[in-house]
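Keep the view open while you read.

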Amino acid sequence: MATPILILGLFALICPLAFPSYASTLQDFCVANPNSQGLMSGLACKDPMMVGANDFFFSGLHLQGNTSNPLGSKVTPVNVAQAPGLLTLGISAVRIDYAPWGLNPPHTHPRASEILTVIEGTLYVGFVTSNPENRLITKTLQKGDVFVFPVNLIHFQYNVGPTNAIAIAALNSENPGVITIANALFGSNLPISSDVLAKAFQVDKMVVEDIQNKF
Ligand SMILES: *[C@@H]1O[C@H](CO)[C@@H](O)[C@H](O)[C@H]1NC(C)=O
């Protein structure tokens, strides 16, 4: 009865990179080596002797993101792509800047929950629970307020104040991933048939094509 578990355990010891949960008990860290063919989040570990402080470092979250775009928001990520020492650690961070009435549009993180702290300004935030309830859980946040977005659920932040807003968020994945709903549905490469989207959204095809043209 124990044999499959034993074999799995032995395999995990021999091949720790394939088993993130085992790997974390076998080594202090696995700093991403961008030049190697990878096994962990698409990356492999650097030789530990070659690892230094800069692998665990990022400078720039003091800088304001450029919000001169149609949404009026900018996300500055600090995940494994920016700080390779995050590989296997299951955490990352972002700074989000919002122009007045700027929007971080509805999106999901397929691999992480998020805890967001407002540093400046006033944000109307929310997430929607899964089918069939699709309940909107929402709140208006002031400086110092914290809000949680559970993994996978569609969420957004909207700056309702007349001033710039800033938030810092932490996510429990070194590679949380983002699916921006509007971009995925209306800006995919190749485009989804407007017949499909017109039926899904119960609107005229011209409305769909008008939205698709914006992406
Ligand atoms: C901000 O982004 C806009 C649009 O991409 C660009 O035109 C502008 O030069 C950028 N501003 C700065 C300060 O980088």
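1. Start with Glu120, which counts as partly exposed because its relative accessibility is 33%. Bear in mind that this is a predicted model. Glu120 forms a salt bridge with Lys143, and their closest N and O atoms are 3.5 Å apart. That pair links distant parts of the chain, with Glu120 in strand E6 (residues 114–120) and Lys143 in the loop between E8 and E9, 23 residues apart.

2. Stay with Lys143 for a moment. At 54% relative accessibility, Lys143 is exposed.

3. The salt-bridge count comes to five. Another of them joins the side chains of Lys46 and Asp55, at 2.9 Å from N to O. Here Asp55 is buried, at 7% relative accessibility, while Lys46 is partly exposed at 26%.

4. Now look at helix H4 (residues 194–201) and helix H5 (residues 205–212): they pack at about 110°, with axes 8 Å apart. The two are therefore roughly perpendicular to each other, and their crossing is right-handed.

5. What ties H4 and H5 together in terms of charge? Asp195 makes a salt bridge with Lys205, the closest N and O atoms being 3.2 Å apart. Asp195 lies in H4 and Lys205 in H5, so the pair ties together parts 10 residues apart in sequence. Asp195 is partly exposed at 47%, and Lys205 is partly exposed at 36%.

6. Finally, check the surface for a nonpolar patch formed by Ile115, Val146 and Val148, with about 240 Å² of accessible area together. Val148 belongs to strand E9 (residues 146–149) and is partly exposed, at 44% relative accessibility.

Terms used:
Residues are numbered from 1 along each chain as its sequence is written. This is a predicted model: local features need pLDDT of at least 70, side-chain atom pairs count only at pLDDT 80 or more; totals for chains, interfaces and linings use all residues. Side-chain values use heavy atoms; hydrogens and water are left out. Patches are made of residues with over 30% relative accessible area and no salt bridge: like charges are joined within 9 Å, nonpolar side chains (Val, Leu, Ile, Met, Phe, Trp, Tyr) within 5 Å. Accessible areas come from the Shrake-Rupley method with a 1.4 Å probe; for residues, only the protein chains shown count as cover. A salt bridge is a side-chain nitrogen of Lys or Arg within 4 Å of a carboxyl oxygen of Asp or Glu. Helices (H or I, at least four residues) and strands (E, at least two) are DSSP runs, numbered from the N terminus. Buried means under 20% relative accessible area, exposed over 50%, partly exposed in between (1.4 Å probe, protein chains only). Axes are lines fitted to C-alpha atoms, for helices over the stretch in contact, and angles run from 0 to 180 degrees between N-to-C directions. Angles under 35 degrees count as roughly parallel, over 145 as roughly antiparallel, 65 to 115 as roughly perpendicular and the rest as oblique. A crossing is left-handed if the near helix is turned anticlockwise from the far one by less than a right angle, and right-handed if clockwise.
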